Structure formats: structure tokens, C-alpha cells
Amino acid sequence: MSLFIVFEGLDGSGKSTQQQLLNDKLQIDKISSISFREPGSTVIGEKIVKILQSDQKLSPLSELLLFYVSRSAIIEEKIKPALENYDVVICDRYFYSSIAYQGYGREMNIDFINQINDEVVKNIIPDLIFYMDINWEEKIKRKGINVNDRFEKEDRVFHDKVRSGYISMAKKDSDKWKIIDAEEDVENISSFIYETVKYNLNT
């Protein structure tokens, strides 16, 4: 049975760590799984990562469209084939990041972003979204501020808007979204995630 799982949250929330722990546990249980990250995981995606990580000035629209070029590639080249192969697919970020960062954070029109989703994402929708919730103070304590990162150098107001966007999405679809307190013990979080995934695989 295929299952599509996405991890979302601010950088420093521990989502990448939990993604890796989940993938490792599935592999130990001999459950076929594959892990990706957004943006990236394809040739064009990695080139876009370099642009986004550079000091190239980008308008909010240009920034958004770059993410969707990378997203289109990973969906067609990686995610769809893996789901068709009945793998468990785990992705670090998906289109919810664009709604949170460009929609809520950059204050772009969310209806416009959803129109792009209709064309790019179509019916490739996750079965589970684990949102690692973390506040500004804890985020800064863990990672500091990377002034070379176009999102990390944004102020608290920006990140609070992104966080509120995630929480708003999670509350609208509480069956799929699982809000996790990212300050909880790493192993306790990992156990909860794994048990939730196993339950969904067996139902």
C-alpha cells in the first residue's frame, strides 16, 4: 500500500530529523519507503536550490515560481513513480510551504497559489502531514539567524505569519494534519509519528 507523508514547519523545528528517523524505522521493518526534500531531489531542483540560496534578488512571484518549477519536476520524476510502485513516500516540505511562506509570509494571493497547485500538484495530495510547531524564541535558540538565507534573515513578524499560516491549514484539515510540539523529546515525537504511520498503513 502506498502512503504519501509530508513534514512541514519552520527551519530548526526538527522536521528533517524526524523524516530521517521515520524512514530508518520503516526500512528496519522492511517497509519499502523513499525520502525526498523540497526544493531539490532532481537535477533541475538542485539548480533551483542554488539560485534560492544565492544572493540573487527575487520578487515574491519569481521566488514562488522557482519553487513550483522544482515541485513539478519532483512530482513527475520522483513522487508519482514511487507512489505507483506502492512505496511509502516521505517528503520534507510540499506545496503547503508555498502557502505558508509566500502566501502568509510574503502576503501573496493564496487563491492564486492554489490555482497553480491545481495545475502542478493536481491529485498528488499527501495522506498525512506532520507539522512540527516551534515558536520564534526556540527556533533562534536552535539555529540562530542565517543572514545568507532569504527566509531565515526575515524578522520575527514574517516567521510568526508563516507559523500562523501552518496552524490555520492544520486546523482546517485535522484528520490529515498532525500538529506536533517540536520542543517535546525527539524519541517521543518519533514514536508518535511511527505509530501514526503504521496505523494508516493498516487501515
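Keep in mind that this is a predicted model. Begin by selecting Asp185, which caps the N-terminal end of α8. Show its side chain and you will find an oxygen 3.0 Å from the backbone nitrogen of Glu187.

Next, select the whole of α8, residues 186-201. At 1.5 Å a residue, its 16 residues should span 22 Å, and the end C-alpha atoms are 23 Å apart, which agrees.

Now colour Ile189, Ser190, Ile193, Tyr194, Thr196, Val197 and Leu201, which are buried. Look down the axis of α8: the buried residues fall within an arc of 160°, so they line one face of the helix.

What covers the buried residues of α8? Select β1 (3-9), α1 (15-28), β3 (88-92), β4 (128-133) and β5 (177-181), which are among the covering elements. The helix α8 lies across β1, β3, β4 and β5, and runs at about 165° to β4.

Turn to the sheet itself. Five strands make up an open sheet with parallel pairing, in the order β2-β3-β1-β4-β5. At the edges stand β2 (33-37) and β5, each with a single partner strand, so one side of each has no neighbour in the sheet. On average, neighbouring strands are turned by 20° against each other, direction ignored.

Zoom in on β2 and β3, which run parallel and are joined by five bridges. Here Ser35 stands opposite Ile90 in β3.

For the last stop, select α3, residues 60-84. This helix lies across β1, β2 and β3, at about 160° to β2.

Conventions
Residues are numbered from 1 along each chain as its sequence is written. This is a predicted model: local features need pLDDT of at least 70, side-chain atom pairs count only at pLDDT 80 or more; totals for chains, interfaces and linings use all residues. Side-chain values use heavy atoms; hydrogens and water are left out. Helices (H or I, at least four residues) and strands (E, at least two) are DSSP runs, numbered from the N terminus. The expected span of a helix is 1.5 Å times one less than its number of residues. Buried means under 20% relative accessible area, exposed over 50%, partly exposed in between (1.4 Å probe, protein chains only). The arc is that of the directions from the helix axis to the C-beta atoms. Contact means heavy atoms within 4.5 Å. A polar contact is a pair of N or O atoms within 3.5 Å; within protein, one must be able to donate a hydrogen and the other to accept it, and residues adjacent in sequence count only if both atoms are side-chain atoms. Two strands pair if DSSP finds at least two bridges between them. Axes are lines fitted to C-alpha atoms, for helices over the stretch in contact, and angles run from 0 to 180 degrees between N-to-C directions.
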